[in-house]
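Please keep the sequence and the structure in view while reading.

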Amino acid sequence: MAKEELLEFEGTVTEVLPDGNFRVRLDNDHQILAYAAGKMKKNRIRTIEGDRVVVEMSPYDLDRGRINFRHKAEGTMPPPGVRRQQNFRRR
């Protein structure tokens, strides 16, 4: 168990940096450097500029954080009943 509880903030990704790092502007107008959590990497959850995210931060270092949740955008999913086009031919 951790000595200190993690702080959670919501924010928007403003820049995608190399090596899985992101520049995030929090709702309280602070800008931090964040990285994707292991579960997000494992499940291949892509985070792009403009996404709303939840960031966990340690109370000891308020300049870095870990992105542990990406909110779904309204227009990203196709409407129900629409099938994706397949890129291969059946024989």
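A salt bridge is counted here when a side-chain nitrogen of Lys or Arg lies within 4 Å of a carboxyl oxygen of Asp or Glu. The structure is a predicted model, in which local features need pLDDT of at least 70, side-chain atom pairs count only at pLDDT 80 or more, and totals for chains, interfaces and linings use all residues. Residues are numbered from 1 along each chain as its sequence is written, and side-chain values use heavy atoms, with hydrogens and water left out.

Six salt bridges are found in a search of the whole structure. One of them joins the side chains of D27 and R52, with N and O 3.1 Å apart. This pair links distant parts of the chain, since D27 sits in the loop between strand 2 and strand 3 while R52 belongs to strand 4, 25 residues apart. Helices (H or I, at least four residues) and strands (E, at least two) are DSSP runs, numbered from the N terminus. Accessibility is described with three words: buried is under 20% relative accessible area, exposed is over 50%, and partly exposed lies in between (1.4 Å probe, protein chains only). By these limits D27 is exposed, at 52%, and R52 is partly exposed, at 31%. Both residues also belong to a salt-bridge network that includes E10.

A second salt bridge connects D51 and R70, whose closest N and O atoms are 3.8 Å apart. Here too distant parts of the chain are linked: D51 lies in the loop between helix 1 (38–42) and strand 4, and R70 in strand 5 (residues 61–70), 19 residues apart. D51 is buried, with a relative accessible area of 11%, whereas R70 is partly exposed, at 26%.

The strands come next. Two strands pair if DSSP finds at least two bridges between them. Strand 1 (residues 7–17) and strand 2 (residues 21–26) run antiparallel and are joined by six bridges; L17 has N21 of strand 2 as its bridge partner. Three residues lie between these strands in their hairpin, where D19 takes a positive phi near 65 degrees. Strand 2 is also joined to strand 3 (residues 31–36), again antiparallel, through five bridges, and V24 is partnered with I32. In this hairpin four residues separate the strands, and D29 has a positive phi near 75 degrees. D29 also forms a salt bridge with R25, at 3.5 Å between the closest N and O atoms; D29 is exposed, at 55%, and R25 is partly exposed, at 33%.

What makes up the largest nonpolar core? A nonpolar core is a set of buried Ala, Val, Leu, Ile, Met, Phe, Trp, Tyr and Cys residues joined through side-chain atoms within 4.5 Å. The largest one has 12 residues: V13, F22, V24, L26, I32, A34, A36, M40, V53, V55, M57 and I67. Taking contact as heavy atoms within 4.5 Å, and leaving out residues up to four places away in sequence, F22 touches residues including V13, L17, I32, A36, T47 and I67.
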